[in-house]
Amino acid sequence: MSVSGASILRVSFGNAERLHAVTADSLHAVADAIERAGKDPQVRVIVIHGDERSFSAGADLSGQSDPASSATLDAVERLIHAIRDVPRPVVALARGAVAGVGVSIALATDLVLCDEDTYFLLAFTRIGLMPDGGATALVAASIGRARAMRMALLAEKLTARDAYRQGLIAGVYEQCSYDARTEEIIEKLLTGPAAAYAETKRAINAATLDQLDGALEREATAQVRLLGSNDFAEGVAAFYDKRSAAFRDQPPVG
């Protein structure tokens, strides 16, 4: 069953060969599509997806884009706001790797649906950075300060099953039934009360994400500073050299 004239917007970041790593351009493209959908009465559900290997591996560090540019941070902030503010349910079909800013994007959606092979990884500290895209608010709002600190500081993988048990995601399914189960949920949203969904989303986000705007501002300010640091240069070099990074920078005094 479908509502007459209703449709689903399905978007991804492309760049599948790099596990859907994001660039400023791809972030803006998805934000554009979501903002347009919010003004189109025929679009009733928005789905952000990758593929079985990855939802998004985070920012593209391949050299094809400049991750040290504030343009990427600005694009991330715009997308997070678009997801939060659009008066439609937004579903993340998050499979495989959900890493870096991919975690922020997934958690900004209204329902995160994973398969059993999905894992979440805030790997920023491995290259001398801090979580961004609102992660410092989005993760803590879902699972609390202690678990958010562990994810952010230790850069440990969190399996989908553990993420579900801790309240970080809305569902986790076996691979063999994933497509069928997630399509059932999307279909239910498609045929449900659009106005009630919009008001419910707005109210829950207002009650739980009141720190998001401040988090985005704090993250952007600090991340720009870290992106210009010696530790970031060393972290990226170590990543490509497949070795442990030797971090030496000290935090500011006072």
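The legends below describe close-up views of a predicted model. Local features are limited to pLDDT of at least 70 and side-chain atom pairs to pLDDT 80 or more, while totals for chains, interfaces and linings use all residues. Residues are numbered from 1 along each chain as its sequence is written, and side-chain values use heavy atoms, with hydrogens and water left out.

**View 1. The parallel sheet.**
Five strands form an open sheet in the order S1-S2-S4-S6-S9, with parallel pairing. Helices (H or I, at least four residues) and strands (E, at least two) are DSSP runs, numbered from the N terminus. Two strands pair if DSSP finds at least two bridges between them. S1 and strand S9 (171-173) are the edge strands, each pairing on one side only. From one strand to the next the twist averages 20°; axes are lines fitted to C-alpha atoms, for helices over the stretch in contact, and angles run from 0 to 180 degrees between N-to-C directions. Four bridges join S2 and S4 in the parallel sense. Isoleucine 48 has alanine 92, in S4, as its bridge partner.

**View 2. Helix H2 and its packing.**
Helix H2 (residues 70-85) has 16 residues and reaches 22 Å from its first C-alpha to its last, close to the 22 Å expected at 1.5 Å a residue. The expected span is 1.5 Å times one less than the number of residues. Buried residues of H2 include Thr72, Leu73, Ala75, Val76, Leu79 and Arg84; buried means under 20% relative accessible area, exposed over 50%, and partly exposed in between (1.4 Å probe, protein chains only). The buried residues of H2 pack against H1, strand S2 (43-49), strand S4 (90-94), helix H3 (101-108), helix H8 (194-208) and helix H9 (212-227).

**View 3. Nonpolar cores.**
The largest nonpolar core has 61 residues, and Phe120 and Val139 have the most contacts inside it. A nonpolar core is a set of buried Ala, Val, Leu, Ile, Met, Phe, Trp, Tyr and Cys residues joined through side-chain atoms within 4.5 Å. Leaving aside neighbours within four places in sequence, valine 139 is in contact (heavy atoms within 4.5 Å) with Val103, Leu107, Leu122, Gly144, Ala148, Met151 and Leu168.

**View 4. Two cysteines without a disulfide.**
A disulfide is a pair of cysteine sulfur atoms within 2.5 Å, and by this rule the count is zero. The sulfur of cysteine 114 is too far for a bond because the closest cysteine sulfur, in cysteine 176, is 16 Å away. Cysteine 114 is buried, at 0% relative accessibility, whereas cysteine 176 is exposed, at 70%.

Leucine 19 has a phi near 60°, a positive value in a residue other than glycine. Leucine 19 sits in the loop between strand S1 (7-11) and helix H1 (24-37) and is partly exposed, with a relative accessible area of 29%. Lysine 242, also not a glycine, has a positive phi of about 55°. Lysine 242 belongs to the segment after helix H10 (230-241) and is exposed, at 77% relative accessibility.

**View 5. Surroundings of glycine 235.**
Glycine 235, in helix H10, is buried with a relative accessible area of 1%. Not counting residues up to four places away in sequence, glycine 235 touches Arg126, Ile127, Ala245 and Phe247. Glycine 235 and alanine 246 lie 11 residues apart in sequence and 7.8 Å apart in space, C-alpha to C-alpha.
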